[in-house]
Amino acid sequence: MAEPLQGTVIDKDATPASEKADAVSVAPPESPGSVWTRRIIILAFWAVVATLGLPHWIWTTSIYRAELPAEQMTRWSEGHACDLKYPIHVALETGSLPLDQLKAIAEKTENTLNLDNGQSLFSFQISALDDHHNATHERALTASMQQQSTSKAPSANLLSMTPTLELTHGPMDSIGTDNLVAFLVNELQQIFKDEQASITYLLRHSPFHAASKGFNLGTEATKAIEKRTTRAFKYSSTYHVTFSLFAASASPSAWDIEEALRQYIKPLLRQLSTVSDFQIDTQVQLFASFSPSIAGPQYDEATNSYKLLQSDLSGFINAAEWPLSPSIGSGPTLNMVLYIPGPGQTPLLLETGGNSWTIPQWGGVQILNPSEKQAGRLTTSDLEPVMLTFADQLISLLGVPNSPPSLAMRIASLKRERATSLILSASSTLGALNRLTRKLESIAIPPSVATSVDETISHLEQACSNLREGRYQLAFENARTAEAEAEKAFFEPSMVGQVYFPDEHKVAVYVPLLGPMAVPMIMSALKELKSFRQAKVKTS
Amino acid sequence: MKLRDLLQLSSVLALFTLSHASSIPNQEYSEHLYLKPLANDHLHADFNFTATTPVADYDAQHFRYFPRSLAQILQYTHTTELHLRFALGRWDEEQWGSRPRNGRREGGTGVELWAWIEGQSEEADERWSDLVNSLSGLFCASLNFVDSTKTIRPVLSFEPEGTHPSGSGGSQLLHGMLPHEVVCTENLTPFLKMLPCKGKAGISSLLDGHKLFDASWQSMAVDVRPVCPSTNSRKDECVLEIQQTVSMALSIPRSMRDRHNPIPRPPPIEEIECDDSKVWNGHDTCYPKPSTGDLGWSLAKVFGRPIKGACPLGDADGAGDISLDVPLERTVEAQGSASSETEPSGLRKFSLQAATDFDVVLPRQDTVSSSSSTHPPLYASRQMTGYGQERGGMHATLRNPHPYPQKIVYLESLPWYLKPYMHTLEIQHGNIEKMFYTPALDRVRGTHLELVIEIPADSTVELNYDFEKAILRYTEYPPDANRGFDVAPAVIRVLPRNVSDPADGNNQDEYLRTTSLLLPLPTPDFSMPYNVIILTSTVIALGFGSIFNMLIRKFVLLEEVPASPLKTKVTMLKEKIAALLGKTSKKGSDTKPSEEPGPAAVIDPNAALNGSTDGSALTNGSAKLRNVKG
């Protein structure tokens, strides 16, 4: 049985509710003054929190985020900022034809070439070379026409060391301008076809693909380009090239590498020095054993030789024991390895034939079976075939295109390709940086990043305009700077090394510290708000 | 094929004014092993590998015997001379005599590194930092922890071993020590990789991490120095020399233990020679005789394997790849040696043969060989004194056993958290001739103290100073903070005496190092930050909460206190349950069905009238209850 209630409780500003309130003592009603004093006190506390505490908290916990040109970055990453076009300047020169006729041929050729694919990446600008031609743009090719009295059909020959097409044709009256133009058009298209294909391939899956719509890339060509690009190193302004002689036994322990390099490798690298710098080092390593993970050479009785299985080629390099560490300094290292099998394993051949192979994006390997007289020291003449193979491997590892046959033009073509891929890479880095800074609100953005981004954008713009003007060396250099700046911005150490300050930590620090203060303040504020509202309702 | 043609063409076209510089055949490689039995059944083995390269080849980065990985680091950091030491254990000077190679190829416990680097002070500092970081990667050691606080620039303690061109005064000497580093197999592997024969042939085939790091004392050293015919010779006459040294003192019984059963156990009873003179000797009791004479050992047994033939790169005619320093009367059997030679002093020299295993066997011999250990130049020890977490003292004892006075350079590289009071520095029985002192800066650099002390003949010099222990920041403590902090050994250079005694042959300066020390620092309780947070919160809760409540509360008499809504609710619930219980009990006793408890509707008007607050609703609720009961 419940006891009757001793006293009923009455709210402080409510009137007595029932007649049974006889036993209840009620506190005297508060004077409005004291009510207001309390309200002011609470308000004062909140004011301190809002005017001092909150700004102080924000000020001490905020991080510096530099302003980034987000809109421009997006434009670049989405490919709207630059419309990639590759004007190709070809100059016609001749000793025999009058200038008027030459100009006519040039104009006709240009019209025909640009008519065929009006919206393509490459636009040809053919000019007749006279004495006072303007040298503002780079000449991609000089067609030197020579008239011969006897020859009927025109023929062309591309020089290897200079971008010159030697064209011989019969007398103008017999061959006719149209035929000559048709021949020239065909030649030029052939020369630039592969490059156009590879640039189209580069742009195909990038935001800049709009520019490459005009060119149809066949599956065969795609495969060839894919093969070439996966083999090549990523572009770098400096490459280290290490030539290593690995001998399975104690000999040969010497090679005339300095002379061999001077004769066979340095001329090539001098040509490539407009694209990258090369630093060469060489080493001799003895007692090089195979890595335990490969099956090793198998004796083949039929040929009385040792065969290296195809499956062993990828694991041939004994990374654990062979000192092939990358060189110090920036830039990747291309490893050129010459392996001399031990006396018990000669001749060592590959199962598939040949004696050399390339390891994509790492280097090239060659096996040399020494003769008796080569046992102690490899001379320059011994090294000649080795060095020529190394040169071939070097070219393919650096991503130099396989055609046209002129080395000078291949390097020019490489420059255009590299400029394009650098622009693409810098743009996508900008996009990534933009997304990163938007997604991670708590990441700090130091002012150096903003400067780098500005640099990147200005260099990208310059590269783009240089490209459209046909100044490929400048475009390439600007793109290189832009890419380096973009990488610098993205990998800014103070941004990458974000302090690990997890949310749990914040809870663990803030709750015990602020909880005891916040709870009474919030409760009192709510209560007072409630009573204030009630009082208002009552008076109204 | 086309490319080949092109290349040849271009190479022909290219003009070269430079004539083909024929590679000078001063690329040499030699190796040597020195063995000497020590007192107390120990064996001293000293491996030395020397390779040279012409400076021209070095500059053009053509490497043959010189390791490419190290050379590139030296070039990148403009280091002209490098000395790197990995050491473990202690050389027992009292028993074994003077230190091998006069202590010039050993370092303090852990890792020690000093190098001459080109450049002005700031530039040199940067290159030094690059150097230690690169070497750290190359040797798998924590050398990257040699930062500015552990780097000093000694003035008197070290002198370049190589010939530096007289014009280049821009080289700076920097020195760093890591006493805490534990030297182990991962440091030996890169060391062996730098050798031309890679531990697969030659004396380096003996080097095995299991034995090397099991030694009582071992020291690995890498020394790179330029060697020129004279100081003013042209640069292309010079060669760069790299010396790799491994020196160790092995306990012979310990290293001859069965590898598969390494736990020491007493040998079977049949193999023990019992001492019959003891009265308790019986068929089941054996008192082993103390071993006398020289222990039998062989290279294959001590090192676990024989030498796998010669490393066929060195000069083949140079007999003496291996020298064994034993008395003349000691029996020595060599297997697989190309030539051997015995000197009157008893020193045996052997040369190796390619592709033939070589071993030296010294059978057990009862004649006690007179171990003629020479006195070291100096005995040095250093201890920490004092107690408590605030202060301490350093006490170094330097004893000169020779009948002539000696001059030494005493170098201390102290961490910044050990702050010496220089006014307390005092020396007894000797005198300080010169002093170089660089005071420490907190978290920037450590103390560098160099003293030139003259030690009188046959006397002991004591060096004392007090220091204060700093309190580190919370994050500066290592995970094992209570272990203490290692203080690098003091390096003592005994200067060559002016009066050179031809009998002594003691013209070169010698080095010795004290042991490293453990400095206990005041260590905080690492849960402290959280305790601080909790304590602060409690104080704030108490202080702020009570003051705030006092300010905003209204004070009423106890009986005037309005009941809290929660309390009334709980009471209501209680009463409901009580009512329910009461009803069921009533039902059980009185079978007569009672009237419907209609008054549920009775109270509603009241509640609707002024049920605006909880309090009044409660009043109504109790009224209702009473009504029900009534």
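Figure 1. In UniProt, an unreviewed entry lists residues 40-59 of chain A under "transmembrane region".

Figure 2. For chain B, the unreviewed UniProt entry gives residues 530-552 as "transmembrane region". Over residues 530-552 the chain is 100% helix and 0% strand, with 32 Å between the end C-alpha atoms.

**Figure 3. Contact of helix α1 of chain A with helix α10 of chain B.** Two packed helices are described by the angle between their axes and the distance between the axes. For helix α1 (residues 32-61) of chain A and helix α10 (residues 528-552) of chain B, the axes come within 9 Å and cross at roughly 145°. On the α1(A) side the contact involves A:Arg38, A:Ile41, A:Ile42 and A:Phe45; these meet B:Phe548, B:Leu551 and B:Ile552 of α10(B). Sorted by class, the residues of this contact comprise six nonpolar, no polar and one charged.

**Figure 4. B:Glu31 in strand β1 of chain B.** Strand β1 spans residues 29-38 of chain B and includes B:Glu31. B:Glu31 counts as buried because it has 23 C-beta neighbours inside 10 Å. Along the chain, B:Glu31 and B:Glu412 are 381 residues apart, and their C-alpha atoms are separated by 34 Å. As context for this view, chain B contains 13 helices and 27 strands, and 34% of its 630 residues count as buried. Of the contacts in chain B with a separation of 6 or more, 75% join residues 24 or more positions apart.

Figure 5. The peptide bond from A:Thr346 to A:Pro347 is cis, with omega near -10°. A:Pro347 belongs to the loop between β11 (333-340) and β12 (348-350) of chain A. In the loop between β9 (298-300) and β10 (305-308) of chain A lies A:Asn304, a residue other than glycine whose phi is positive, near 55°. A:Asn304 is exposed, since 8 other C-beta atoms lie within 10 Å. B:Asp41, in the loop between β1 and β2 (42-54) of chain B, has a positive phi of about 60° although it is not a glycine. With 16 other C-beta atoms within 10 Å, B:Asp41 is partly exposed.

**Figure 6. Confidence of the predicted complex.** The predictor assigns the complex an ipTM of 0.79 and a pTM of 0.80. Chain A has a mean pLDDT of 84, with 90% of its residues at 70 or more. Over residues 1-22 of chain A, pLDDT stays under 50; the model has 49 contacts beyond four places in sequence for this stretch. Chain B averages a pLDDT of 82, and 83% of its residues score at least 70. Among the elements of chain B, strand β23 (residues 460-469) has the highest mean pLDDT (95) and helix α13 (residues 614-629) the lowest (38). The pLDDT is below 50 over residues 1-25 of chain B, a stretch with 23 contacts beyond near neighbours in sequence. Residues 501-506 of chain B also have pLDDT below 50, with two such contacts.

Definitions and conventions:
Residues numbered from 1 in each chain as written. Chains lettered and ligands numbered in written order. Predicted model: local features only at pLDDT ≥ 70, side-chain atom pairs only at ≥ 80, totals over all residues. UniProt positions renumbered as here; feature names shortened; annotations may be inferred. Axes fitted to C-alpha atoms, helices over the stretch in contact; angles between N-to-C directions. Helix = DSSP H or I, 4+ residues; strand = E, 2+ residues; numbered from the N terminus. Contact = placed C-beta atoms within 7 Å. Nonpolar A, V, L, I, M, F, W, Y, C, P; charged D, E, K, R; others polar. pLDDT = per-residue confidence, 0-100. Buried ≥ 20, exposed ≤ 12 C-beta atoms within 10 Å, placed from the backbone.
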